[in-house]
Amino acid sequence: MPELYNFLMERWALYHNLEYDSGEDKNPRLIFYNDKDEEVKVVPVKKMKADEISSFLDSLGFYKRSQKGEEVPEEFKHFPLKAPRDEL
């Protein structure tokens, strides 16, 4: 899964409020939770290209830093999505 590896190594750290679990899962996926930590959406990413994963996260309103280590603006610190999380 070279595209997923590329995303994890090059882009993951640019996004705010994402967590990575390095489990041995052969079917990697993005899992979205509501404010009660209940799973609300699962998106398989095994066949997605790095650009597709980035575009998907951007479309949901996740804040993307321009470079690693950049400070996240206050309005993006606690709520990464444009829509309420439970509406995914």
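The model is predicted: local features need pLDDT of at least 70, side-chain atom pairs count only at pLDDT 80 or more, and totals for chains, interfaces and linings use all residues. Residues are numbered from 1 along each chain as its sequence is written, and side-chain values use heavy atoms, with hydrogens and water left out.

The side chain of Arg11 forms a polar contact with that of Asp51, at 2.7 Å. A polar contact is a pair of N or O atoms within 3.5 Å; within protein, one must be able to donate a hydrogen and the other to accept it, and residues adjacent in sequence count only if both atoms are side-chain atoms. Leaving aside residues up to four places away in sequence, Arg11 touches Asn6, Ala50, Asp51 and Ser54, where contact means heavy atoms within 4.5 Å.

## Overall layout and confidence

The protein chain has 2 helices and 2 strands, in the order α-β-β-α from the N terminus. Of contacts between residues at least 6 apart in sequence, 53% join residues at least 24 apart.

The mean pLDDT (the predictor's confidence in each residue, from 0 to 100) is 77 for the protein chain, and 81% of its residues reach 70 or more.

## Buried side of H1

Of the 88 residues in the protein chain, 32% are buried (under 20% relative accessible area; exposed is over 50%, partly exposed in between; 1.4 Å probe, protein chains only). In H1 the buried residues are Leu4, Phe7 and Leu8. They lie on the same side of H1 because they cover an arc of only 95° around the axis, taken from the directions from the helix axis to the C-beta atoms. Exposed residues Pro2 and Tyr5 are on the face turned away from the buried side of H1. H2 is included in what covers the buried residues of H1.

Not counting residues up to four places away in sequence, Ile53 touches Leu4, Phe7, Leu30, Val45 and Met48.

Key:
Helices (H or I, at least four residues) and strands (E, at least two) are DSSP runs, numbered from the N terminus.
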